[in-house]
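Subject: Structure handover

Hi,

Here is the structure for you to look over. My notes follow below it.

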Amino acid sequence: MKKLFLIRCYEYSKIGCYLVILFIIFYTVASFKKMDMVIFPYNDMFSHPAPFKDLIQTNALYVNGKRVDITSRLYWKKDFMETSLRNYAAYQQNGQKVPLENYLNKKNYPEWFNQKVVPDPLKVAHWPRWYLQYAGYNQGFDSLSIYSFTMAKTINGLRVIDSELIYKERKIPGVTRFKK
Amino acid sequence: MIRNLFIKKEKYQVLLDSKNNIKIYRGIFCILLVEYLVMLFSGVTWSGLQGDTFFSIHVDPIVWLYYLTGLPAAILSSSWIGIFLDILTIGLLIFMIRYRGNQKVAIALFVLLACFYLTLTGYLTHRNYQSGIFWVVFPFMFSGKAKELAFDAVRYFLLFFYFSAAMYKLLDGALWYTMHFSDYLSGQFAPYFLEGNIGWRTHLNLFFVHHFHWAHFVYILSFILEIVAIVGFFTKRYDRLILLLLICFHIGDWILMDIGTVGQLAFLGLLFFRKVDTTSSE
């Protein structure tokens with residue numbers, strides 16, 4: 001009969017075995033602390049029962065009054081454009097703060113630390129223009145807006161029942177390239 | 001004589017396993033290369049994200065450590081660095097396919113892909129589960145007996161990932177809440193409905209949104225597909241069956257939830273190994 005993994009590990013290298021045990025302990029503690037990102041992949045996805053919601057939120061970017069469509073793009077591009085836009089809209093709605101800032105505000109981390117783990121608002125101000133370029137719009141624009149849509153479930157799908165302007169920018173045509 | 005025959009047969013089997021492993025090994029790195037190329041053409045690799053200034057990370061000190069170095073911002077500030085890192089990643093992947101078992105290259109590739117994963121998740125502003133894109137390289141950083149143990153460790157990690165996902169569904173109570181999955185599904189295709197990009201997946205989505213009992217049945221089915229991974233903790237005999245079931249799970253994930261699998265496929269491929277080849281080079 002084959003020996004257990006940890007026993008085989010111990011026989012090969014004691015230090016290696018201790019590291020594996022340390023990793024298991026760390027993983028267990030981290031899981032209880034809901035630190036499930038890096039070496040802790042997002043395996044609790046869709047496991048939390050949430051209160052039933054009738055209304056759905058989504059966002060879209062408009063250039064010169066025309067919507068920038070994302071769903072016909074390759075999966076990763078679509079996923080990136082959808083998720084980052086949603087979180088940028090949330091960032092704007094949350095007084096230009098990412099969720100981590102709410103956590104850091106309760107702790108006493110030094111300022112240099114906070115500056116590294118949360119985005120610089122001055123740099124983030126350029127993000128919509130970067131996003132536009134990322135979406136493949138390299139021409140000038142008159143207006144750039146981000147809207148949040150509230151959609152209701154109907155028998156034929158989701159229907160927009162409300163919209164909210166999240167961000168608006170007017171720009172001189174022809175000057176779109178973002179420079180750091 | 002009979003004993004000798006058995007030994008010969010055993011040796012032949014080992015040889016066969018080893019040759020088979022080489023094919024699987026190359027297959028896994030070919031899948032990883034294709035996955036990276038798909039991401040490259042989608043514009044979410046180093047060069048694609050150049051100039052991005054908005055990121056959002058979560059309460060996770062491991063990620064903080066990486067962002068504290070200032071590396072992600074520095075890399076994304078220059079398109080040349082991005083292009084260089086993309087070329088380097090593809091080059092190392094091709095090298096790994098051609099010269100199997102090179103540990104130093106595997107270490108470099110592991111670090112590079114881990115950094116890429118951390119950067120992508122931060123700038124994607126979303127916790128992403130496809131960490132397999134760098135974990136898959138982990139066993140190849142070792143040689144000999146250590147390689148075999150590292151392979152087993154990563155294999156357990158892979159199995160635990162899916163098994164724990166099933167356990168979360170059970171312990172958090174979602175499995176007993178019949179409206180749960182139907183409710184989640186209703187938001188998954190919102191941009192498609194907004195843009196009027198309607199097709200068979202949105203129709204299927206609508207069906208499950210309006211028939212929550214069927215949706216719950218599918219949710220239970222996904223739970224079963226994930227919890228089957230526990231079998232792998234006791235035997236390697238059914239690894240390929242588990243792999244097949246997990247691929248079915250991911251296909252369902254894409255059809256119903258619009259969650260892609262690119263980034264995780266090569267990692268799943270580790271379940272295809274029958275026996276680990278412990279030789280360090282070809």
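**Chain B: the helices**

Chain B has 13 helices and zero strands. From the N terminus on, its elements run α-α-α-α-α-α-α-α-α-α-α-α-α. Please keep in mind that this is a predicted model.

Of the 282 residues in chain B, 42% are buried. Take the contacts in chain B with a separation of 6 or more. Residues 24 or more positions apart account for 72% of them.

Confidence first. Chain B has a mean pLDDT of 87, and 90% of its residues reach 70 or more. The start of the chain is another matter. Over residues 1–10 of chain B, pLDDT stays under 50. The model has zero contacts beyond four places in sequence for that stretch. For the complex, the predictor gives an ipTM of 0.86 and a pTM of 0.88.

**The core**

Which residues have the most contacts inside the largest nonpolar core? They are Val136(B), Tyr162(B) and Leu270(B). This core has 96 residues. Helix α5 of chain B, residues 103–124, gives the most to it, with nine residues. In soluble globular proteins, nonpolar side chains tend to be buried together.

Tyr162(B) is then in contact with Glu226(B), Ala229(B) and Leu246(B).

Trp200(B) is found in helix α10 of chain B, residues 200–210. Is Trp200(B) buried or exposed? It counts as exposed, because it has 8 C-beta neighbours inside 10 Å, and the cut-off for exposed is 12 or fewer. Trp200(B) and Tyr99(B) are 101 residues apart in sequence. In space they are 44 Å apart, C-alpha to C-alpha.

**Chain A: layout**

Chain A has seven helices and four strands. Along the sequence they follow the pattern α-α-β-β-α-α-α-α-α-β-β. Buried residues make up 26% of the 180 residues in chain A. Among its contacts between residues at least 6 apart in sequence, 57% join residues at least 24 apart.

The domain assignment of chain A gives domain 1 (1–49) and domain 2 (55–170). The C-alpha centres of these two domains of chain A lie 35 Å apart.

**Chain A: the sheet**

The four strands of chain A form an open sheet in the order β2-β1-β3-β4. The pairing is antiparallel. β2 (66–67) and β4 (157–170) of chain A stand at the edges. Each has a single partner strand, so one side of each is left without a neighbour in the sheet.

How many bridges join β1(A) and β3(A)? Strand β1 (residues 55–63) and strand β3 (residues 143–154) of chain A pair over nine bridges, in the antiparallel sense. Asn59(A) has Ser148(A) in β3(A) as its bridge partner. Gln57(A) has Thr150(A) in β3(A).

β1(A) and β2(A) also pair in the antiparallel sense, over two bridges. Here Tyr62(A) stands opposite Arg67(A) in β2(A). The hairpin of β1(A) and β2(A) has two residues between the strands. In that hairpin, Asn64(A) takes a positive phi near 50°.

**Chain A: helix α7**

Helix α7 of chain A covers residues 127–134. Seven of its eight residues are buried, so it is largely enclosed by the rest of the structure. The buried ones are Trp127(A), Pro128(A), Arg129(A), Trp130(A), Tyr131(A), Leu132(A) and Tyr134(A). What covers them? The cover includes β1, α3, α6 (121–124), β3 and β4 of chain A. Just after α7(A), Gly136(A) takes a positive phi of about 100°.

**Where the chains meet**

The contact takes 60 residues from chain A and 64 residues from chain B. Helix α3 of chain A, residues 75–93, gives the most to the side of chain A that touches chain B, with 10 residues. By class, that side of chain A has 38 nonpolar, 11 polar and 11 charged residues. Helix α3 of chain A is also among the elements that cover the buried residues of α7(A).

Best wishes

Conventions
Residues are numbered from 1 along each chain as its sequence is written. Chains are lettered from A and ligands numbered from 1 in the order in which they are written. This is a predicted model: local features need pLDDT of at least 70, side-chain atom pairs count only at pLDDT 80 or more; totals for chains, interfaces and linings use all residues. A nonpolar core is a set of buried Ala, Val, Leu, Ile, Met, Phe, Trp, Tyr and Cys residues joined through C-beta atoms within 7 Å. A residue is buried if 20 or more other C-beta atoms lie within 10 Å of its own, exposed if 12 or fewer, and partly exposed in between; C-beta atoms are placed from the backbone. Two residues are in contact if their C-beta atoms, placed from the backbone, lie within 7 Å. Domain bounds come from an automatic or database domain assignment. pLDDT is the predictor's confidence in each residue, from 0 to 100. Two strands pair if DSSP finds at least two bridges between them. Ala, Val, Leu, Ile, Met, Phe, Trp, Tyr, Cys and Pro count as nonpolar, Asp, Glu, Lys and Arg as charged, and the others, Gly among them, as polar.
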